[in-house]
Amino acid sequence: MSTPPEETTARLEALERRLGQLEDEREITHLITGYGPLVDAGAAEDVAALWTEDGVYDVDEVFLDGGKAIRRMVESPGHQGWIERGCAHFIGPPRVSIDGDEAVAVCHSLMVVNGEQGFRVRRATANHWQLRRTPQGWRVTVRTTRVLDGRPESPALLAAGARGERP
């Protein structure tokens, strides 16, 4: 008994949608997990290219508005000092939720720094990412990072991201 053409077409269309979803999730994961190696290498242009040109990086310590501000952060004496002394920005695997050409992802990150007594964790943070599909691929529109130090907004970011919501 052969499969009717319309059933085959429907199955192929469903398969293409599922494959597209997996490809989007992989591209977003690749983008997010690329942040740590790029920022630790001091690759300012590559780090800024993860964001849309008007993208925002909202960290406890600083608010970076746009690609130029993100590049300046990576090139700053403070950040270059972290690199010279030894540091690692470890980005945990993200949980990604996609809705058309918009996405939300959430993950943890650790900043590990080298000091007189060896390596130590400087900070552990909650990371909420908002992304948009662009002609160049997925890019970050807003990354919100808060230290996991007991303040209520940090776990709230994690919960919102895990539900695929914006904070």
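A residue counts as buried here when its relative accessible area is under 20%, as exposed when that figure is over 50%, and as partly exposed in between, with a 1.4 Å probe and protein chains only. Keep in mind that this is a predicted model, where local features need pLDDT of at least 70, side-chain atom pairs count only at pLDDT 80 or more, and totals for chains, interfaces and linings use all residues. Residues are numbered from 1 along each chain as its sequence is written, and side-chain values use heavy atoms, with hydrogens and water left out.

Who are its partners? Strands pair if DSSP finds at least two bridges between them. β6 (residues 118-134) runs antiparallel to β7 over 10 bridges, with Leu131 standing opposite Val140 in β7. A hairpin through two residues joins β6 to β7. β1, in turn, pairs with β7 in the parallel sense over five bridges, and here Val56 stands opposite Val142 in β7.

Now for the rings. They pair if the centres of Phe, Tyr or Trp rings (the six-membered one for Trp) lie within 6.5 Å; planes under 30 degrees apart are stacked, over 60 edge-to-face, and the rest tilted. The structure holds four aromatic pairs. One of them is Tyr35 with Trp51, edge-to-face at 6.1 Å centre to centre and 75° between the planes. Tyr35 belongs to helix α1 (residues 5-40) and Trp51 to strand β1 (residues 51-59), so this pair ties together parts 16 residues apart in sequence. Both Tyr35 and Trp51 are buried, and together with Tyr57 and Trp129 they form one aromatic cluster.

Tyr35 has a charged neighbour too. A charge sits over a ring if NZ of Lys or CZ of Arg is within 6 Å of the ring centre and within 35 degrees of the ring normal. The charged end of Arg143 does this over Tyr35, 4.5 Å from the ring centre; Arg85 lies over the face of Trp82 at 5.0 Å from the centre.

Finally, look at helix α5 (residues 153-162), whose buried residues are Ser154, Leu157, Leu158, Ala160 and Gly161. Seen down the axis, they fall within an arc of 165° (taken from the directions from helix axis to C-beta atoms), so they line one face of the helix. Their cover, by contact (heavy atoms within 4.5 Å), includes β4 (95-99), β5 (102-115), β6 and β7.

Note on methods:
Helix = DSSP H or I, 4+ residues; strand = E, 2+ residues; numbered from the N terminus.
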